[in-house]
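Hi,

Here's the structure I promised to pass on to you. Have a look at it first, and then read my notes below.

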Amino acid sequence: MGAAHNYEKVRTMANAMEIYKLLPKTNCKECGKSTCMAFAVSLLSRELTVDDCPPLKEDKLKANYGKLSDLITPAQGASESGMIVHEDKCFGCGNCVVACPVNVADDPHGAGIGRAPTSDKVILRVKDGIVRTSNVQECRRFGKDKILCNGCIVTCPTEAIEFV
Amino acid sequence: MKRQSMVILLNENYHVCTGCALLCDDIEVITDGKKITEVKTACRKGVSRMKGCNEPMSPTVDGQQVDIDVAISAAANILKNSKSPLIFGLGNSTDGAQKKAIELAKQVGAVLDDTSSFCQGPTLEAIFNDRIKSCTLDDVRNKADVIVYWGADPSNSHPRHLSKFSYFPRGQERQRGWEEDRTMITIDIRKSHTAKISGDKFYQIPLQMDAEFIDALIDALSGKVPKVSFEFDPKRILELANILKKAKFGTIFVGLGLVYSLADMEPVVRLMDKLNEVSNFHLIPMVGHYNMRGFNQNLFNETGYLNRVKFEKGNSTDVQHGAEFSIVESLNNKTVDAALIIGTDPLSSLPRSVAEHLLDIPVITIDPCETFTSRKAKVTIPSALSGVECGGSAVRMDGEEVKFEPIIDVKDQTIRPSDEEILARIMEAL
Ligand code: SF4
Ligand code: SF4
Ligand code: SF4
Ligand code: SF4
């Protein structure tokens, strides 16, 4: 299982490189990241979106913008733990946010008691009415000690979360 | 300690969502000063309320755009010339606006009613009169081990109900999480999104059979063999009765599905009495509009009735109450000759045959957004979106008061006046 974990990492790195190649590579910091490489990693982890890089929207980079949007869609679909959020189905009820055991452990006085998450470590949170993922490497289905957690699947009224 | 202070700091930035009567008070927003651009933690329903209407309303008289002061005096004129005006709505208004509306109703001798007369009114009436034991949502979170949704589908109507209060959160006496510490039951006529989460604790009954099912359940709770006229395994009713009996702290959430299928609340009162004989049960109505319960409470405090009243003109304390003063009967019997509609859309929520009379009388609407009713209204007065453009207080579905500040800077001159301000200005103009 350790190998699988490493494989995930390798795959992630390759993807980040691919993404980086399409970025303006000026390190202008407009996206809030110190380098374009850091932005590429944020794109992968879905912390930021392609739209967060303003220079990409300039005419001369339009083609790259398009390619990146295509590239990020699959990565957005299935995160490294295989989690897919069907955003069209999610209506932001927060059931998964409150039921996720990692969220409860990391944020017992926020997400754990049904309130807004107060920790940066949570995996699931709701923004603009739709669930967003971060720190997916902490998901119990991921990594070398993985277990078949299904907390966020069985609590979702609309089957908006799926693992592949 | 350090962490604690961070949490408190965060709390100060929290806002209240007025998307439904859960009034979630842990919402963070990002604004550009005029509009909300990002909302954290609110459900999709809340986000769409906070981001404002797609079609904001303009001040108009007879379909012509006018200055808001002109619209306000036109509204005052209509009320002045009316022998029997109807004031209706206010479920999406603050307590302050509701109290103003009661004053206005007294001044002009109006029939005053809200949507509760055709939804949760009977449930609230039983609670206000202490016929049914209730509790707060915080009690539910901290203590409830058995939760019943009856004729309710909060996953659609109050999306965060399960995650914030009832099933999923940890609470003082419910530390081990939903799988071990709580049982959630859904009783409904169809397998709703909420029913799905109940798994094998979903009890599907035929349309209009709630009263019969209640009586069978009471029998089962009394140790008798439960019988119903429709096909339903009596073993499952006994199993349900057993779960309810063993509850340490049970709560039934009553939805419109149950209210609509009963002629009156008596079966529910009987069930609650029985449950509290053999167990410990509370009931909370699934109030929809964010401050409908506030309206009922405010009117009840003032008159002893929670809806369907008629005041005598000229600020007298005389008030009549009865079914004939509901919006439905007033329109059916054509006993009102003008209508002031605040924050609601009767033309789309009432059956056409009932609402028709609204097309024959002068209608004034006060609302932030355009509605079916406003499109047919003689006078429209745009108001601030409460909870976003104006603050105030409201009563959560469980009776707890929640105060809130406006999210957008109210010093901005372009912001529309609040319902309360508009009502006060109408009263002045009278
Ligand atoms: S905004 Fe784009 S170009 Fe500028 S540093 Fe970030 S990634 Fe690079
Ligand atoms: S699978 Fe389990 S740990 Fe992973 S996000 Fe879902 S609930 Fe959390
Ligand atoms: S439980 Fe499902 S619908 Fe609710 S927030 Fe999570 S993904 Fe969205
Ligand atoms: S559940 Fe109701 S109050 Fe809470 S965020 Fe959703 S709409 Fe707003």
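What follows is a short tour of a few helices and some loop residues.

Before you start, keep in mind that this is a predicted model.

Let's begin with helix 11 of chain B, residues 210–221.

Now for its partner. Two packed helices are described by the angle between their axes and the distance between the axes. Helix 11 of chain B packs with helix 14 of chain B (residues 266–278) at about 20 degrees, and the axes are 10 Å apart. Angles under 35 degrees count as roughly parallel, so helix 11 of chain B is roughly parallel to helix 14 of chain B. The crossing of these two helices of chain B is left-handed. On the helix 11 side, the residues making the contact include B:Ile214, B:Leu217 and B:Leu221, while helix 14 of chain B brings in B:Val268, B:Leu271 and B:Leu275, among others. What kinds of residues make up this contact? Ten are nonpolar, three are charged and none is polar.

Which residues of helix 11 of chain B are buried? They are B:Asp210, B:Phe213, B:Ile214, B:Ala216, B:Leu217, B:Ile218, B:Ala220 and B:Leu221. Besides helix 14, the buried residues of helix 11 of chain B pack against strands 7, 8 and 9 and helices 12 and 13 of chain B.

Helix 3 of chain B (residues 68–81) is worth a look too: its 14 residues reach 20 Å from first C-alpha to last, close to the 20 Å expected. Buried residues in helix 3 of chain B include B:Ile68, B:Ile72 and B:Leu79.

Over in chain A, find A:Asn64 in helix 3 (residues 62–77). Is A:Asn64 buried or exposed? Its relative accessibility is 18%, so A:Asn64 counts as buried. Beyond its close sequence neighbours, within four places, A:Asn64 contacts A:Leu22 and A:Leu56.

Most residues other than glycine have a negative phi. A:Lys29 isn't a glycine, yet has a positive phi of about 70 degrees, and sits in the loop between helix 1 and helix 2 of chain A. B:Asp62, also not a glycine, has a positive phi of about 50 degrees. You'll find B:Asp62 in the loop between strand 3 and strand 4 of chain B; at 49% relative accessibility, B:Asp62 counts as partly exposed.

Cheers

Key: Residues are numbered from 1 along each chain as its sequence is written. Chains are lettered from A and ligands numbered from 1 in the order in which they are written. This is a predicted model: local features need pLDDT of at least 70, side-chain atom pairs count only at pLDDT 80 or more; totals for chains, interfaces and linings use all residues. Side-chain values use heavy atoms; hydrogens and water are left out. Axes are lines fitted to C-alpha atoms, for helices over the stretch in contact, and angles run from 0 to 180 degrees between N-to-C directions. Helices (H or I, at least four residues) and strands (E, at least two) are DSSP runs, numbered from the N terminus. Angles under 35 degrees count as roughly parallel, over 145 as roughly antiparallel, 65 to 115 as roughly perpendicular and the rest as oblique. A crossing is left-handed if the near helix is turned anticlockwise from the far one by less than a right angle, and right-handed if clockwise. Contact means heavy atoms within 4.5 Å. Ala, Val, Leu, Ile, Met, Phe, Trp, Tyr, Cys and Pro count as nonpolar, Asp, Glu, Lys and Arg as charged, and the others, Gly among them, as polar. Buried means under 20% relative accessible area, exposed over 50%, partly exposed in between (1.4 Å probe, protein chains only). The expected span of a helix is 1.5 Å times one less than its number of residues.
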